[in-house]
Amino acid sequence: MQISSIIRRAVAGVAAASMLVAVAACGTSKDNKTAGGEGGGTIEVVASINQWGSVAKDLGGSHVDVTNIMTKTNVEAHDYEPTSQDVAKFGTAKVAVVNGADYDPWASKAASATKATLVTAAETAGIKEGDSPHVWFSAKVRNNTADAITAAYQKADPSHKDDYAKLNKEWHAKEDQLESKIKDASAKTKDVPYAATESVAWYLADDLGMKDATPTGYAQASANESEPTPSDIKAFQDALKGGSIKMLVFNTQEANSTTDQITGAAKSANVPIVELTEQMPKEYTNLLDWMSALVDQFAKA
């Protein structure tokens, strides 16, 4: 992403905080459900992105009402600019779940200005700004975030503490199945050199034991959210043609003329391409099911 992208993200964060102040003055909408522990209703939960929203729903069951802000895979997630309606949803939430690591700064700012219990996925595993922000691909982050969400629910609605503990146990059983699948798949993927048009799936590839062979210049440009130079692109194309890269991971949500050149070189060299997105595709309603499908793709590529 270019410098203008960074500026837009900063502006979006400031705007989110400003809009929250404005909507707070308007009071609570009569359409909002009662939070758990306050009259026996459901806990209002807002998640910045749909993949964490799915986890929040699985862990809360019928006791929670989850609203996801970002749900589409045809927009650039890093540059999302919230509407006043988006920000207002945080103002009425009892629990807010955001990604963190500067992936959704607008959501972090909006949520921190409210009384909602804030769960920041990246922070549960010590991942900070500057690290890869696509933390839902990490088994460690998924586990830690699930436990943090459960703790938030038990604090907000202590009368159903045992229910949340049961749902947490059931969720972890499914996560354990996913991690067993990852372990089995790593028999094929361990030490396989791969490259990526963007490091969106770095955590999953790491869990699979793969080696990131993305050319240094291109990788640094991507990490710094700047455009790779023509020599960076050529080095990437040459590596694909030379056979040192055995798999290309392509984030279709960030497709542009540069990635067209990279994927074109991969196809010419018969290098398998794993296509994925940052936001959970609409055919999935569950983060773990989505991750399981991606593990299959990596294992078959």
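How much accessible surface does the chain have, and what percentage of it belongs to carbon and sulfur atoms?

Modeller: Happy to! This is a predicted model, where local features need pLDDT of at least 70 and side-chain atom pairs 80 or more, while totals for chains, interfaces and linings use all residues. Residues are numbered from 1 along each chain, and side-chain values use heavy atoms, without hydrogens or water.

The chain's accessible surface comes to about 13800 Å² (Shrake-Rupley method, 1.4 Å probe), and carbon and sulfur atoms hold 50% of that. Of the 301 residues, 49% are buried, meaning under 20% relative accessible area.

Now inside: there is 1 cavity of 30 Å³ or more, that is, a set of points on a 1 Å grid where a 1.4 Å probe fits but cannot get out. The largest cavity holds about 30 Å³, the space filled by probe spheres set on its points. Its lining (residues with an atom within 4 Å of a point) consists of Tyr194, Ala196, Glu198, Ser199, Val200, Ala201, Trp202 and Val249. By type, 6 are nonpolar, 1 is polar and 1 is charged.

Strand β5 belongs to an open, parallel sheet of 4 strands, ordered β6-β5-β7-β8. At its edges, β6 (211–212) and β8 (273–276) each pair on one side only.

Definitions and conventions: On a 1 Å grid over the protein atoms alone, a cavity is a set of points where a 1.4 Å probe fits but cannot get out, and a pocket is an open set with protein on both sides within 12 Å along at least five of seven lines; lining residues have an atom within 4 Å of a point. Ala, Val, Leu, Ile, Met, Phe, Trp, Tyr, Cys and Pro count as nonpolar, Asp, Glu, Lys and Arg as charged, and the others, Gly among them, as polar. Buried means under 20% relative accessible area, exposed over 50%, partly exposed in between (1.4 Å probe, protein chains only). Two strands pair if DSSP finds at least two bridges between them. Helices (H or I, at least four residues) and strands (E, at least two) are DSSP runs, numbered from the N terminus.
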